[in-house]
Amino acid sequence: MKKCKFPVFLALGVAGFLMVSCGSLGGSGKWAASENSIYVTKKLEVQSAMVFTSAEANELYNQEELAEEARGWIKDYNVARGAAAAAENQDGTNKLPVALKSCRLEGQTGALVFDYGSPEDFVTFAQTVGDDTHTVTSLTVGAASEVLTSGNYSGTFTAVDGAEVEIGEVTKQPKYKAVAVEGAGVVFVEGKVKYVSAGDTVIRDAHTAVTGEGMNYIIFQ
């Protein structure tokens, strides 16, 4: 598979907007996909947005060429993972390891939104294409009790109101879900953030947490 870097790929210049699949981005969590970020739904599905702004407009790509370039990289990745040579998910079929959900070009700003078959595919695909919009090297989602147990986390958590909470208060809640992120990035959840692991993880708003380097845990419902 050819390896290119997305900042080079996103040579911007032609205004426009292209949706390559039906449906709104995100869902009730109102993820706008307007910044480099990871999105986790209540069903624990993972999407991501890569957003770039060019200092100067140019005409190296139009909106369809941008989408086609992304589709080519996605097809190569999916075939390497033993999946179909496809770039978009179809109703009634298994999800691809990576699928293009949307692509847009608006003036000098462009964005690609991807849908993943697993959290691991987010990490592997980013590494494959040289995405440097984050430093995430590991991503896990699941029930909070399972994720925290498998990660051997033994620290405390910070609640939305700033209070410190022991891990037992988190794991005893069966409806709580968790995102475990190793590395720095922006994580948006469809539900509401309840707690984040004490340390460098910061709650930005009801749906968003910003992680620091090292291991981070985000609890949501």
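Modeller: Happy to! Let's begin with accessibility: buried means under 20% relative accessible area, exposed over 50%, and partly exposed in between, with a 1.4 Å probe and protein chains only. Bear in mind that this is a predicted model, where local features need pLDDT of at least 70 and side-chain atom pairs count only at pLDDT 80 or more, while totals for chains, interfaces and linings use all residues. Residues are numbered from 1 along each chain as its sequence is written, and side-chain values use heavy atoms, leaving out hydrogens and water.

Colleague: What makes the contact of Asp-121 and Arg-81 a salt bridge?

Modeller: The rule asks for a side-chain nitrogen of Lys or Arg within 4 Å of a carboxyl oxygen of Asp or Glu. Here the N to O distance is 3.2 Å, so the pair qualifies under that rule. Asp-121 itself counts as buried, at 5% relative accessibility.

Colleague: And how do you know that Glu-68 and Arg-71 form a salt bridge?

Modeller: Their closest N and O atoms are 2.2 Å apart, which meets the 4 Å rule. The two are three residues apart in helix α2, so about one helical turn separates them. Glu-68 is partly exposed at 40%, whereas Arg-71 is buried at 12%. Both belong to a network of salt bridges that also links Glu-64 and Glu-88.

Colleague: How many salt bridges does the rule give?

Modeller: The count comes to seven. Another one of them joins Glu-169 and Lys-172, at 3.3 Å from N to O.

Colleague: Why is α2 called oblique to α3?

Modeller: Helix α2 (residues 63-80) and helix α3 (residues 119-129) pack at about 120°, with axes 11 Å apart. That angle makes α2 oblique to α3, because angles under 35 degrees count as roughly parallel, over 145 as roughly antiparallel, 65 to 115 as roughly perpendicular and the rest as oblique.

Colleague: Which residues of α2 and α3 meet?

Modeller: Trp-73, Ile-74 and Tyr-77 in α2 meet Asp-121, Thr-124, Phe-125, Thr-128 and Val-129 in α3, where contact means heavy atoms within 4.5 Å. By class, that gives five nonpolar, two polar and one charged residues.

Conventions. Axes fitted to C-alpha atoms, helices over the stretch in contact; angles between N-to-C directions. Helix = DSSP H or I, 4+ residues; strand = E, 2+ residues; numbered from the N terminus. Nonpolar A, V, L, I, M, F, W, Y, C, P; charged D, E, K, R; others polar.
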